[in-house]
Amino acid sequence: MDKEYIPYIRSLVGHRRVMAIGVSITLRDKEGRYLIEKRQDDGRYCFPGGALDFDEKLIDGARRELKEETGIEAGELTLLALLSGKEGDFHYPNGDFTSYVTVHFLGEIACMPPLSFFQESEVKELLLLPLDQLPPLEEFLPGDQKVIEFLRQGKEGILID
C-alpha cells in the first residue's frame, strides 16, 4: 500500500467525494506577521497545509506539508483549531472532490528561507503580513476564514467548528 493517502484513495474511487484529514499550520514571526500562501490551483489564500498520509502523526504531517510547500520550519506548535463540515469541502480543478476535517496548529517560524522559495506546483506566492493587512476574508479558503476571525477576536483556547 502507498504511504500517500490521497493518491491511493483516488486510485480506488476516482474523482468521487472522499473524506480526508487535513493538517495546517498558522505561523507567525517575531513581529506578529502571519505566513499565508496564494494557491496555484484556484488563486485563493490559505495557511500552508495538506492531507495527512498513512501512519503519519498529525503534527508531523503539518510540519511535512509546511516544509514541502514553503521550505520553512516551524518551532513549537500548539493546537489552534479543529474544523469540520461544509467549509472543508474542496473541489479541485481536476475534478477531485474532497471533504476535509482539518487540524490547525499555531506556531512561530524557526527557520526562514527567502519568501521566494516555495513549491511552484501548489503555491503561487508566499506572504508575511499582520492580521489587519491580510487580503479580504472572502479570498481565503472557508476554514482559514474562520481561523483568521478567531485570531482577530483575540480569543483564548481552541476553535472547534
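## Salt bridges

Arg 39 is buried, with a relative accessible area of 15%. Here buried means under 20% relative accessible area, exposed over 50%, and partly exposed in between (1.4 Å probe, protein chains only). Arg 39 forms a salt bridge with Asp 42, with the closest N and O atoms 3.5 Å apart. A salt bridge is a side-chain nitrogen of Lys or Arg within 4 Å of a carboxyl oxygen of Asp or Glu. Asp 42 is partly exposed, at 31% relative accessibility. Shared partners also join Asp 53, Glu 56, Arg 64, Glu 65 and Glu 68 into one salt-bridge network.

Arg 33 pairs with Asp 29 at 2.6 Å, N to O. Arg 33 also pairs with Glu 31, at 3.3 Å. Asp 29 is buried at 10%, Arg 33 is partly exposed at 30%, and Glu 31 is exposed at 60%. The whole structure holds 16 salt bridges.

## Basis of the model

This is a predicted model: local features need pLDDT of at least 70, side-chain atom pairs count only at pLDDT 80 or more, and totals for chains, interfaces and linings use all residues. Residues are numbered from 1 along each chain as its sequence is written, and side-chain values use heavy atoms, leaving out hydrogens and water.

## Nonpolar cores

A nonpolar core is a set of buried Ala, Val, Leu, Ile, Met, Phe, Trp, Tyr and Cys residues joined through side-chain atoms within 4.5 Å. The largest has 19 residues. Ile 36, Leu 80, Leu 134, Val 147 and Ile 148 have the most contacts inside this core. Strands S2 (34-39), S5 (73-83) and S8 (123-129) and helix H3 (142-152) each give it two or more residues. H3 supplies the largest share, four residues. Helices (H or I, at least four residues) and strands (E, at least two) are DSSP runs, numbered from the N terminus.

Apart from this core lies another, of 16 residues, including Leu 52, Leu 66, Ile 72 and Ala 74.

Thr 26 sits in strand S1 (residues 18-28). Thr 26 counts as buried because its relative accessibility is 0%. Beyond four places in sequence, its contacts (heavy atoms within 4.5 Å) include Tyr 34, Phe 47, His 104 and Val 147.

## Leu 58

Leu 58 lies in helix H2 (residues 58-70). Leu 58 is partly exposed, at 35%. Beyond four places in sequence, Leu 58 touches Ile 21, Val 23, Leu 52, Val 103 and Phe 105.
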